[in-house]
Amino acid sequence: MVKIGYIAFKALIGLLISTNLSFADVVRHESGTVKIEPIVEDLYAPWAVGILPDGDLLITERDGVLIHFRNGKRQDVTGVPKVWANGQGGLLDVVVARDFAQSRKIYITYAEPRQGGAGTALGAARLSDDGSRITGFKVLYRQLYASKAGRHFGSRVVEAKDGFLYVTVGDRGDRPKAQSLEHHNGKVIRVNPNGGGEIYSIGHRNPQGATLDLKGQLWTVAHGAKGGDEINIPERGKNYGWPVISYGIHYQGGKIGEGTHKEGMEQPKFYWDPSIAPSGMMIYSGKLWPEWRGDIFVGSLKFDMISRLERKGDRITSEERLFTKKYDRIRDIREAPDGSIYFLAVGDGALYRMTPN
């Protein structure tokens, strides 16, 4: 009932202000202008977009719907596992396998309903040729110990060049467990493509963005508390500090842990204070915008913008904030095979495509 009402409302608003969402828009940025056009509208709590080699799209909606979009037509994909759609949980990330053209494999992360609540899980399946269903679904990884907490699932997945998968898992609101090797809370998990995972790095709060750079190095971005959103380069066996060190404070005020530094704990490559509520993350190839090659793009749920971060190697040197307050709650951002950039805006219920003007 809620979903039907929401879609009806969005459709009405679309009729009233169609000039805002139905046509391409030209938007200025630091060194020029770009063209932005809505590709899919009337989405309900979209979380991730996967782009197929032929340009077809897969979009997850958090309540458990996977959408296939081709040539202006959309359909719900059948065969999706049951999800725990509570709080921040539900159907979350979707990633198209590197060998999709041969295997038609996709990866999905989700809040898996289990005894005691839910846990972050990763599964793989085959997408049918017409995009109408997934088959052969197999769970590759399950978070140790379910929880009834409805927050901090993390849940981005990245396929590394060697075929291993990296899944981010948030602390689920249970801060001390991010430092415990007996729990998966607050970890990056390395998953064998045939199934089975191991703890890769610890001390993460809620990493909702993850990507590879052009050399294949893993990067993540995580929500802090009040301040202290941070970008890291997770490495095997290293500790990224949460909740012992942080650049943020508790929402009610007061210091978190022991300060900002501690021996044996890694420093972030970059952090925001105040928080921007970061989500999806991408490192750009430079295909259509050579001047952006290697730049990091991070969606902001709080400030309704995309943060473009210039870097030299592992060092971030400057930030440009794109489209502030123009698109509502940017959840995911991905590069398409042709170099165009897609991003999801939750509040708009829309997927946009950015190209040179």
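Analyst: Two strands pair if DSSP finds at least two bridges between them; strands are DSSP runs of E (at least two residues) and helices runs of H or I (at least four), numbered from the N terminus. The model is predicted: local features need pLDDT of at least 70, side-chain atom pairs count only at pLDDT 80 or more, and totals for chains, interfaces and linings use all residues. Residues are numbered from 1 along each chain as its sequence is written, and side-chain values use heavy atoms, with hydrogens and water left out.

User: How do you know that strand 23 and strand 24 pair?

Analyst: Strand 23 (330-335) and strand 24 (residues 341-345) share five bridges in the antiparallel sense. The definition asks for at least two, so the two strands count as paired.

User: What makes strand 1 and strand 23 stand at the edges?

Analyst: The open sheet has five strands in the order 1-2-25-24-23, with antiparallel pairing. Strand 1 (25-29) and strand 23 each have a single partner strand, so one side of each lacks a neighbour in the sheet.

User: Why is strand 16 called largely enclosed?

Analyst: Buried means under 20% relative accessible area, exposed over 50%, and partly exposed in between (1.4 Å probe, protein chains only). In strand 16 (residues 218-223), six of the six residues are buried, so the rest of the structure largely encloses the strand. Leu218, Thr220 and Ala222 point one way, Trp219, Val221 and His223 the other way, and all are buried.

User: Which strands pair with strand 16?

Analyst: Strand 15 (residues 206-212) pairs with strand 16 in the antiparallel sense over six bridges, and Leu212 has Leu218 as its bridge partner. Strand 17 (residues 229-232) pairs with strand 16, also antiparallel, over three bridges, with Ala222 opposite Glu230. Each hairpin has five residues between its strands: Gly216 takes a positive phi near 95° in that of strands 15 and 16, and Gly227 one near 90° in that of strands 16 and 17.

User: Is Ala45 buried or exposed, and what of Asn71, buried or exposed?

Analyst: Ala45 has a relative accessible area of 16% and is therefore buried, whereas Asn71, at 73%, is exposed. Ala45 lies in the loop between strand 2 (32-40) and strand 3 (46-51), Asn71 in the loop between strand 5 (65-70) and strand 6 (73-76).

User: What is the phi of Ala45, and of Asn71?

Analyst: Phi is near 45° for Ala45 and near 50° for Asn71. Most residues other than glycine have a negative phi.

User: What makes the peptide bond from Trp242 to Pro243 cis?

Analyst: Its omega is near 0°. Pro243 is in the loop between strand 17 and strand 18 (270-272). Asp273 and Pro274 are also joined by a cis peptide bond, with omega about 10°.

User: Which residues lie nearest the centre of the largest pocket?

Analyst: A pocket is an open set of points on a 1 Å grid over the protein atoms alone where a 1.4 Å probe fits, with protein on both sides within 12 Å along at least five of seven lines; lining residues have an atom within 4 Å of a point. Of the 33 lining residues, Val96, Arg98, Thr211, Arg334 and Glu335 lie nearest the centre. Strand 19 supplies the largest share of the lining, four residues.
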